[in-house]
Amino acid sequence: MLPNVGWSRDEYAALGVPFSRRGKLLDEYLEIWAKLWGPSPVSHESEYYTFQDVYFEPRHTARTAPDCASAARACTTRWSAGSSGTAMPSNPLGKVKSEHLQTLKTAMAAAGRDIADLEMIGSTRAVFPDDNSCADLAKALEPIPEQMAQGFTTFCVKPSQFTGDPNGVGAFCREVMRRVEFLTA
C-alpha cells in the first residue's frame with residue numbers, strides 16, 4: 001500500500017475534484033484508514049467524507065495499522081506532487097529537491113521517526129517523442145545516480161512506457177539493470 005496524491009490535474013478535473021485539495025484529501029484518507037484498522041464499528045464526519053457505523057471485515061491478523069498508513073498520517077508533508085509514507089515516490093514532474101527531503105526529515109523527527117527507516121522509492125520519467133512511440137530508456141534512467149545519492153534505494157520503472165512487446169519484458173528488465181549498473185559503477 002502506497003499512500004500518495006496524484007500529480008495529474010487532468011485526472012482530478014475528470015473526476016470533478018479540486019486539484020488543490022489533494023493533500024487534504026490524502027490526510028483524511030489516512031485518518032479514515034487508521035480508524036478502520038481499529039475496532040468496529042467506525043464513524044467519521046468531515047468536510048469530505050461522512051459515514052456512520054461502518055464495519056471493516058475481514059480483519060488483518062496483525063490488528064494494527066500497516067506502518068505505511070500510520071507513518072504517512074504522522075509525517076505527511078505536502079510537496080508539489082506527493083506525500084510521505086513508508087514508501088515515498090519521487091516527484092514525477094521533476095527531481096526531488098533537497099529542501100523537500102529536509103522537510104520530510106524534520107516532519108518524521110517531530111513524529112519520533114527517522115528518515116533512515118523510510119524506504120525511498122525513486123522513479124523514472126518517460127518522455128514520449130510522439131503519440132505512437134515508446135520513451136527513450138537511456139534518457140529516463142539518467143536521474144537514477146542522483147536519486148541514489150539522495151538515499152533512494154528502490155526504483156519504479158513502468159515497462160510499457162519503453163517497450164510495446166509484452167513477451168520482451170524480461171529482456172527489458174535485464175536491460176534496465178545493465179544500464180543502471182553502468183550508470184552507478
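How many aromatic pairs does the structure hold? The structure holds four of them, where rings of Phe, Tyr and Trp (its six-membered ring) pair if their centres lie within 6.5 Å.

Residues are numbered from 1 along each chain as its sequence is written, and side-chain values use heavy atoms, with hydrogens and water left out. The term pLDDT denotes the predictor's confidence in each residue, from 0 to 100. Its average over the protein is 76, and 76% of the residues score at least 70. Over residues 67-93, however, pLDDT stays under 50; the model has 94 contacts beyond four places in sequence for this stretch, a contact being heavy atoms within 4.5 Å. Where pLDDT is low, the predicted coordinates should not be read in detail.

The protein has seven helices and five strands. Helices (H or I, at least four residues) and strands (E, at least two) are DSSP runs, numbered from the N terminus. In order from the N terminus, the elements run α-α-β-β-α-β-α-β-α-α-β-α. Helix α2 covers residues 22-37, and its 16 residues should span 22 Å at 1.5 Å a residue, the expected span being 1.5 Å times one less than the number of residues. The end C-alpha atoms of α2 are 22 Å apart, which agrees.

Burial is the next topic. A residue is buried under 20% relative accessible area, exposed over 50% and partly exposed in between (1.4 Å probe, protein chains only). Of the 185 residues of the protein, 35% count as buried. The buried residues of α2 include Leu25, Leu26, Leu30, Ile32 and Leu36, and also Arg22, Asp27 and Glu28. By contrast, Ser98, in helix α4 (residues 98-110), counts as exposed because its relative accessibility is 55%.

A nonpolar core is a set of buried Ala, Val, Leu, Ile, Met, Phe, Trp, Tyr and Cys residues joined through side-chain atoms within 4.5 Å. The largest such core has ten residues, among them Leu137, Leu141, Phe162, Phe172, Val176 and Val180. Two or more residues of this core come from each of α5 (137-141) and α7 (169-183). Leu141 touches Thr124, Val176, Arg179, Val180 and Leu183, leaving aside residues up to four places away in sequence. A second, separate core of eight residues includes Met108, Ile115, Leu118 and Met120.

We now return to the aromatic rings. A pair of aromatic rings is described by the distance of the centres and the angle of the planes. Planes under 30 degrees apart count as stacked, over 60 as edge-to-face and the rest as tilted. The ring centres of Tyr12 and Phe19 are 5.4 Å apart and their planes lie at 85°, so this pair is edge-to-face. Tyr12 is buried at 15% relative accessible area, as is Phe19 at 13%. Phe162 and Phe172 form a stacked pair, with 5.9 Å centre to centre and 15° between the planes. Because Phe162 lies in the loop between β5 (154-156) and α7, and Phe172 in helix α7, the pair ties together parts that are ten residues apart in sequence. Ring pairs also link Tyr29, Tyr48 and Tyr49 into a cluster.

Technical notes:
Predicted model: local features only at pLDDT ≥ 70, side-chain atom pairs only at ≥ 80, totals over all residues.
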